[in-house]
Amino acid sequence: MSINVGTFPIDLGAYKAVKLDPSVSTLTDEQREALKFNIQLCRDALIFFTATGAARGVGGHTGGPYDTVPEVMILDALFKSQPDDYVPIFFDEAGHRVGTQYLMATLDGDLPAEQLMQYRAANSTLPGHPELGLTPGVKFSSGRLGHMWPYVNGVAIANPGKAVFCLGSDGAQQEGDDAEAARLAVGQYINVKLLIDDNDVTIAGNPSEYLPGFSVKKTLEGHGLTVFEGDGEDIDSLYANICKAINTPGPVAVINKRPMCPGVEGLEGSNHGHDVVPVDIALKYLEARGHSKAVEYLKNIEKPSNTYKFMGASDKLGSNRNVFGQAVVEVLGKMGEEERKKSVLVVDSDLEGSCGLQHIRGAHPEIFISGGIQERGNLSAAAGFGMEEGKQGIFATFSAFLEMCISEITMARLNRSNLLCHFSHAGIDDMADNTCHFGINNMFADNGLDDGYETRLFFPADANQMTACVKSVFNNKGLRFIFSTRSKVPMLLDGDGNEMFGGNYTFTPGKDDVVREGKAGYIIAFGDAVYRALDAVERLKQEGIEVGLINKSTLNVVDEDAIAKVGASPFVLVVEPFNRRTGLGSRFGSWLLERGLTPKFAYLGTHEEGCGGLWEQYPHQGIDPAGIMAKVKELTA
Ligand SMILES: Cc1ncc(C[n+]2csc(CCOP(=O)(O)OP(=O)(O)O)c2C)c(N)n1
């Protein structure tokens, strides 16, 4: 297929076809020059199109895909030289390196180059992680570290006689699943070849510092793999190692050492290189490389913003994922240092900056552990610390990864742990990362029996309520899960325009808040769905439809007063960013029926693959004010 270059300002049509034969492990001058040319071309393209994500404010990841270009170029040449010998897919454990997949889809003629300039934009079909079936040319789904090698083992078993490659990373290798995959690969002599980018960088820092003693090479050798290690930036040794891997039957890992973002001034060796390249650094890079059209394009991108004005909510915004950490710091500040050390342990999984834990590390490093990218083990460590009365384990990560920890949560419950978990990035708002990073199955955390140890799920609606919630439940026993969004949220206002949860408000677990009274029926919402539902309620009121609104900030406990009130009204509509199959709506109808309450009932939630972008995810799922108003009108017709 030919490359559809369109208006893409870097000439991807110049990409060179390179013939390689792995039985010859040295490169000719011509092959070396062609590979180096392709590497530079693709690195320039990646810097440019990922920077469009930075310019649009949708974020993204540059360093990971940029780093692994040399091995991807060699693989592409091999796949095309001996198509029968490989499964020609660039399987990647690190879904954030999706730029690679989009670029290769373009070079294969499946994706117009022009589209790359819409990286992570809403409705561009180029979300932050690869999704099979969504993007032309993308051949697998990924995004959760440590989830791909185990899967690729099966792909390799299904393709006897072929080698299957999996791009790995020193981040993904920290996940326990990869240890299991390694043992299976060795035990079953699976013909899988790992190409591991060992740049000693993850999001929150350097593995060599936060997990001293961890060596990717020794770990894999310990599992019985054959390992070749080399400098990923030395194309001759990289190629020779890949040839050795192909010529050695069974599982082999090639570990490629390199600094993060080699050759990018301002990012080389820095863990900031993990994220999207900042526009100023990209401009400097592209200018130095003579890509003036790309520079012009980047300079002219305007950052879109959501100009919708929500009624019933303040202009002031709070970042609840940070407020969680700040509120914990407030509580910890009231303890003496000895007491704090004795009674609290905070365990991070490489996301301290995203989940608000960095506030705790900053204020009280003595109780903070950087636990690496191993959520299951870290949650258990926090739970184990909180086994004794008077002790609290604190754990946080993205809500998407709650699903990974269900078994550990069950064991924490059976061991009667005092465990306070913060799962940020709940729901779908602002999730350009898309479906794999949606935190929509959070009710799975409420999986104990009726007579089990206390488990509470909380999703505060604004920053005032988050602070009050943390203070209220911090010292409680049992498992407590607090959710927040990636996006900021406004403060809820009462009917008089005052902050609902300001002043002396105190949070009572299990109690629902009546945000607005109504005669026509009630909406039940929580988290960031509340201010959107409130806007719908205010607008419906202007149309003469008086709908009430309940903020159900404790998700898994029935408030008998509130349910009696809404159950006696003409309709109940649950609106949530959680999965329609597993969310609050899937339970609320049963709770009503159990009490003999039979209002009309409906529930809106996340029900389809995401659209990428930020706030656009809400209207895409039909749970924005317009979607809510339409549903209310259906129920009141
Ligand atoms: C299971 C899981 N936990 C956490 C994350 C969040 N996360 C995304 S990338 C990343 C760090 C990745 O480091 P590495 O794979 O070495 O990539 P690099 O920084 O070199 O790009 C983390 C913690 C994730 N995607 N999946």
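Trainee: Does C166 count as buried or exposed?

Mentor: A residue is buried if 20 or more other C-beta atoms lie within 10 Å of its own, exposed if 12 or fewer, and partly exposed in between, with C-beta atoms placed from the backbone. C166 has 27 C-beta neighbours inside 10 Å, so it counts as buried. Keep in mind that this is a predicted model: local features need pLDDT of at least 70, side-chain atom pairs count only at pLDDT 80 or more, and totals for chains, interfaces and linings use all residues. Residues are numbered from 1 along each chain as its sequence is written.

Trainee: Which residues is C166 in contact with, leaving aside its neighbours within four places in sequence?

Mentor: Contact means that two C-beta atoms, placed from the backbone, lie within 7 Å. On that basis C166 touches F91, E93, M148, W149, V152, V192 and L194. Its C-alpha atom is also 9.4 Å from that of A253, 87 residues away along the chain.

Trainee: Where does C166 lie?

Mentor: Strands (E, at least two residues) and helices (H or I, at least four) are DSSP runs, numbered from the N terminus. C166 is in strand β2, residues 164-169.

Trainee: In what order do the five strands form the open sheet?

Mentor: Two strands pair if DSSP finds at least two bridges between them. Here the order is β1-β2-β3-β5-β4, with parallel pairing. Six bridges join β4 to β5 (residues 252-257). In that pair, T226 stands opposite V252.

Trainee: What does helix α9 touch?

Mentor: Axes are lines fitted to C-alpha atoms, for helices over the stretch in contact; angles run from 0 to 180 degrees between N-to-C directions. Helix α9 (residues 216-223) packs on the sheet against β3 (192-198), β4 and β5. Its direction makes about 165° with that of β4.

Trainee: Which domains does the assignment give?

Mentor: Domain bounds come from an automatic or database domain assignment. It gives domain 1 (29-299) and domain 2 (313-636). Their centres, over C-alpha atoms, are 35 Å apart.

Trainee: Why does the ligand lie between the domains?

Mentor: A residue is near a molecule if its C-beta atom, placed from the backbone, lies within 6 Å of it. Both domains give residues to the shell around the ligand, so the ligand lies between them. The shell has 24 residues, and the closest are G64, S169, G171, T202 and H274.
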